[in-house]
Amino acid sequence: MPKSIDDETREILLSFVAEGYERLDDSETQLSRLGDGDNTAQLNSVFRLFHSVKGSAGYLGFENIKKLTHEAETMLDVFLKEKVPVTADALDVVYATVDILRKLIGIVEKEYTDESGAEEVAKQTSIVTAMIKSLRDGNKPKESAVPAIPNELFLSDLVTRDMVQRFIGECADLVDRTEKIALEINPKAVSTDAVHDMFRAIHTIKGNSGFFGYSFLEALCMNLETVLDTARKSPTPVGEPFINTIIHTIDRIRMSLNTLVIQEAGNDSITQADTDPLDLPFVPPAVTSTEPPTPYRPLGEILVDMGVIKDETIQDALDEQERPLGEILVQKGSVAREDLNEALKIQKAQGPSPEQETSKEVVRKEIRVDTSKLDKLFELVGELITAESMVINNADLTGLKLDSFAKSFASLNKISREIQETTMMIRMIPLDGLFQKMTRLVRDLSRKFDRPINFIVSGQDTEMDKNVIEQISDPLVHILRNSIDHGIESREVRKATGKPETGTVHLDARYEGSEIWISIKDDGAGLNRDKILAKAAKNGILKQDPATISDKDAYAFIFEPGFSTADVVSEVSGRGVGLDVVKKNLERIRGKVEIKTEVGQGTEFILTIPLTMAIIDGITVRAGKNRYSIPLNDIFEFFKVTPAQVTQTEKGEQTINIRSGFLPLIKLAEVFKIPGAVTDPSKGIVIVVQNNGRKACILIDEVIGNQQIVVKSLSEYLGKVEGISGCSILGDGGVSFIIDTGKLLSMRLE
């Protein structure tokens with residue numbers, strides 16, 4: 001049971017959880033970049049990430065997380081300061097520690113405490129301690145083992161522009177929160193809780209500033225921490241001077257953040273379109289100096305200090321100012337052009353003017369939003385599209401000439417389309433996080449099977465609906481497991497066949513029209529057709545002569561429940577469960593999988609997945625009194641046929657002759673048992689559909705029109721209907737069933 005906490009504390013804890021997950025993900029990314037060369041930058045980055053988690057955990061009272069991250073820091077220090085090389089076993093321990101920390105953060109998310117993870121932390125801490133001793137005993141420090149830490153850290157290894165912008169935005173929120181608390185404090189009362197809340201906020205800013213190298217900002221926060229720490233331990237009222245100190249320091253912190261915003265906006269070397277920021281060295285901004293920025297001074301004040309003009313002359317010029325002050329003074333002969341240029345140089349070298357600071361206020365470029373709110377927004381957009389369709393198809397408008405209404409509706413339709421596209425973009429996230437998890441999986445399996453793997457990842461910037469990503473995680477895991485366990489041969493076999501000892505697995509993602517294709521390709525042994533068919537016959541699922549089965553249909557057997565060609569059941573594969581999960585999960589999101597393989601050369605699995613599974617474009621048709629929608633991407637063409645184009649097969653089935661080719665005919669009237677629907681091809685309309693390389697004709701009564709379809713699941717009362725993936729509400733309030741083209745073709749053609 002989670003402990004009882006107030007809403008504000010819950011928000012703080014959930015913020016810690018979100019940041020903790022992000023930092024652990026970043027840690028795994030850095031760990032995956034470790035190689036045979038200089039790993040100092042990567043290790044240093046992981047150390048900082050662990051240190052940030054430890055600091056936040058310590059001040060929130062999560063002692064188990066603090067204890068484990070502290071011990072992990074010690075092991076990283078062995079690599080960084082004692083110059084001990086990183087071993088594969090030591091890296092395993094670091095990865096395992098990340099896993100335990102991830103589990104602990106999950107516990108905090110559910111229980112708001114990490115106490116239930118104490119036993120697991122004690123066990124892992126002892127493992128880390130033992131590894132530290134082993135590293136020190138077995139690897140004496142050598143001066144040349146690891147090069148000294150470079151003075152210049154590269155942006156690609158540690159800090160990206162996006163990270164800096166997030167840092168600025170989060171700090172702005174914390175500063176605003178601290179200021180609000182300070183202004184609400186009664187100086188004549190004891191305010192321990194309020195002071196403690198301010199302390200936590202400032203401590204977070206300090207920790208993040210240290211990570212990014214902003215030492216001036218870190219020093220400001222450290223001084224304020226000391227003041228707050230004294231106040232929270234004192235049983236007396238805080239007093240007015242204390243509040244003034246807090247407000248004054250907050251102003252200085254805010255000024256530093258605004259300076260960062262100005263520098264980010266004005267750094268031409270980074271913002272040029274033809275420059276890749278990842279290749280640029282990261283130089284900490286000017287505010288990282290131990291001295292505060294020089295305050296802004298007016299031009300007139302500078303000229304007076306230079307002794308080139310009197311104060312009263314400046315005042316006279318200001319009274320009639322309609323143009324820049326310097327221009328007026330030069331025109332009057334009060335100041336020489338050379339002196340003005342010198343004064344402008346002095347002014348430019350100083351801090352920004354108050355006007356500039358106001359125009360460059362900190363603006364958050366991202367906010368954290370509960371995913372349930374995004375789902376609700378997407379649901380409402382779907383309802384908007386449905387309502388819009390109901391308005392334009394309202395029977396009361398039939399036969400009326402409404403030019404003005406049509407124009408207004410077209411404008412509304414354009415806006416709603418843009419809202420829909422923007423909402424879809426909000427739900428789209430890059431595949432980078434998912435692919436990073438696969439990197440860890442491949443590494444662990446490679447070590448488990450003693451099969452060295454060169455894992456290549458590309459297309460990780462490709463974006464996909466977050467709900468779809470959740471559905472494809474398991475399929476990717478199972479395919480990669482099979483690629484390494486069944487596909488990639490052992491070292492000995494690869495040597496004997498002339499292959500490199502190290503196998504290659506390539507994970508790639510790319511856009512293909514309104515779909516995303518994810519490819520998992522290995523250079524292993526390939527699929528054995530004969531072995532697959534033999535196992536299919538043994539399992540009783542082979543219903544025809546093996547010689548008449550195409551390679552594509554033969555390979556499809558591996559997706560059947562319980563099917564496996566493995567001779568030995570391992571802890572990774574062999575029970576015939578994995579690829580069945582691939583098929584089920586992909587069907588759930590209207591995706592499909594294709595296999596390409598060559599014996600001795602390798603296998604490629606291609607997952608074809610729609611960009612989103614909530615709103616699609618489709619053609620609505622009628623069969624009898626029922627209406628159906630077919631996804632637009634599955635439709636090749638539609639036309640009227642003549643009796644001469646219809647051919648009867650020996651099995652009594654009908655095919656349609658189209659451009660000297662024969663396509664099987666699927667009659668919706670027969671598939672869904674629709675009374676009154678057309679069964680004579682020459683009296684209806686034929687739609688040619690395609691799916692996963694297969695084509696067929698679907699016979700319908702009438703084409704109703706093209707429209708956006710908001711996908712809704714079928715009622716539990718109806719249960720699962722083969723060939724139907726969902727339903728949609730039409731403009732007249734009726735229901736249209738969405739045809740699962742792939743399933744329909746499989747039902748009638750196999």
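User: Which residue in E4 is the bridge partner of Ile-453?
Analyst: This is a predicted model, where local features need pLDDT of at least 70, side-chain atom pairs count only at pLDDT 80 or more, and totals for chains, interfaces and linings use all residues. Residues are numbered from 1 along each chain as its sequence is written, and side-chain values use heavy atoms, without hydrogens and water. E2 and E4 (residues 503–512) run parallel, joined by 6 bridges. The partner of Ile-453 in E4 is Gly-503.

User: What is the strand order of the open sheet of 5 strands?
Analyst: Strands are DSSP runs of E, at least two residues; helices are runs of H or I, at least four; both are numbered from the N terminus. Two strands pair if DSSP finds at least two bridges between them. E2 (453–458) and E6 (592–598) are the edge strands, each pairing on one side only. Pairing is mixed, and the order is E2-E4-E5-E7-E6.

User: What angle does H18 make with E2?
Analyst: Helix H18 (residues 432–449) packs on this sheet, touching E2, E4 and E5. Contact means heavy atoms within 4.5 Å. Axes are lines fitted to C-alpha atoms, for helices over the stretch in contact; angles run from 0 to 180 degrees between N-to-C directions. The angle with E2 is about 175°.

User: Why is one side of E10 and of E11 left without a neighbour in the sheet?
Analyst: Their open sheet has 6 strands, in the order E10-E14-E15-E13-E12-E11. E10 (635–639) and E11 (646–648) stand at its edges, so each has a single partner strand.

User: Which residue in E14 stands opposite Phe-639?
Analyst: E10 pairs with E14 (residues 685–691) in the antiparallel sense, over 4 bridges. Opposite Phe-639 stands Val-686.
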